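Please read them beside the coordinates.

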Amino acid sequence: TLTQHRGRGALICFEGLDRSGKSTQSKRLLEYLKQQGDVELWRFPDRETPTGTLITAYLENAESLDDRAVHLLYSANRWEKMQGMVKKLESGTTILLDRYAYSGAAYTAAKNIQGASLAWCQASDAGLPAPDRTIYLHMSPTAAASRSGYGKERYENIRFQEQVAQQYNALAQQEPASWSIVDADQDVDVLSTEIQHLAMTVLDDVKQGRALRHLR
Ligand code: 2DT
Ligand code: MG
């Protein structure tokens with residue numbers, strides 16, 4: 001029998017400030033893409049792994065850790081999943097990411113720590129699979145904050161989110177071809193449709209043979 005060669009899956013990343021709608025939109029896209037083939041939604045930090053447990057304690061303020069140590073934990077949390085991610089992609093499964101290395105770089109760089117430049121923050125993720133497309137849910141920090149109260153976790157305040165937004169902006173400018181900036185402050189259904197169309201163009205590119213790249 002002839003076996004149909006199945007190409008690799010696409011890697012599509014959602015990024016944005018807290019409360020910008022990443023979880024809602026990534027879940028909606030997951031449901032939509034299930035009609036097209038194999039697809040999974042992965043979320044970072046993955047709170048289930050050993051590093052994830054430490055990260056959660058840190059976010060809930062139960063643990064205080066050095067900023068650089070935490071940064072490397074978040075990065076290790078991604079490296080822990082790297083081989084499994086590549087295998088999944090190679091087997092033809094599309095993976096959606098609810099946050100990824102760009103969150104890692106943006107949130108630590110937003111702390112403005114001496115010596116932890118944006119480039120330093122990106123270095124620990126170099127070599128990880130690069131998203132074929134990053135969908136940035138753009139929203140002003142004040143609009144995001146008014147959506148519903150922030151939780152009690154670290155980082156969930158407007159002043160800090162403003163710094164994060166600036167860093168995301170710098171990251172988007174590094175890779176304009178693979179970032180799609182969408183207006184997250186609009187009707188949820190309209191936005192979902194826009195994202196579905198975007199995702200289909202990415203799946204198409206990948207089907208045409210676009211190679212998986214790596215973060216630099
Ligand atoms: P959630 O609210 O999405 O669970 O994220 N963060 C995330 C970092 O500081 N570095 C990272 O590498 C990642 C993936 C963003 C929890 C918080 O963790 C931050 C918000
Ligand atoms: Mg949060």
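1. α5 contributes the most to the shell around ligand 1, namely three residues. Helices here are DSSP runs (H or I, at least four residues), numbered from the N terminus. The model is predicted: local features need pLDDT of at least 70, side-chain atom pairs pLDDT 80 or more, while totals for chains, interfaces and linings use all residues. Residues are numbered from 1 along each chain as its sequence is written, chains are lettered from A and ligands numbered from 1 in the order written, and side-chain values use heavy atoms, without hydrogens and water.

2. The shell around ligand 1 has 14 residues, each with a heavy atom within 4 Å. The closest are Arg 47, Tyr 74, Arg 78, Arg 99 and Gly 104. By class, the shell holds seven nonpolar, two polar and five charged residues.

3. Check the polar contacts (N or O pairs within 3.5 Å). A polar side-chain atom of Arg 78 lies 2.7 Å from an oxygen atom of ligand 1. For Arg 47, the distance to a ligand 1 oxygen is 2.9 Å. The Tyr 74 side chain also places an N or O atom 2.9 Å from an oxygen of ligand 1.

4. Protein covers 95% of the 460 Å² of accessible area that ligand 1 has on its own (Shrake-Rupley, 1.4 Å probe).

5. Which elements give two or more residues to the shell around ligand 1? They are α3 (67–79) and α5 (101–109).

Notes:
Polar contact = N/O pair within 3.5 Å; in protein donor to acceptor, adjacent residues only side chain to side chain. Nonpolar A, V, L, I, M, F, W, Y, C, P; charged D, E, K, R; others polar.
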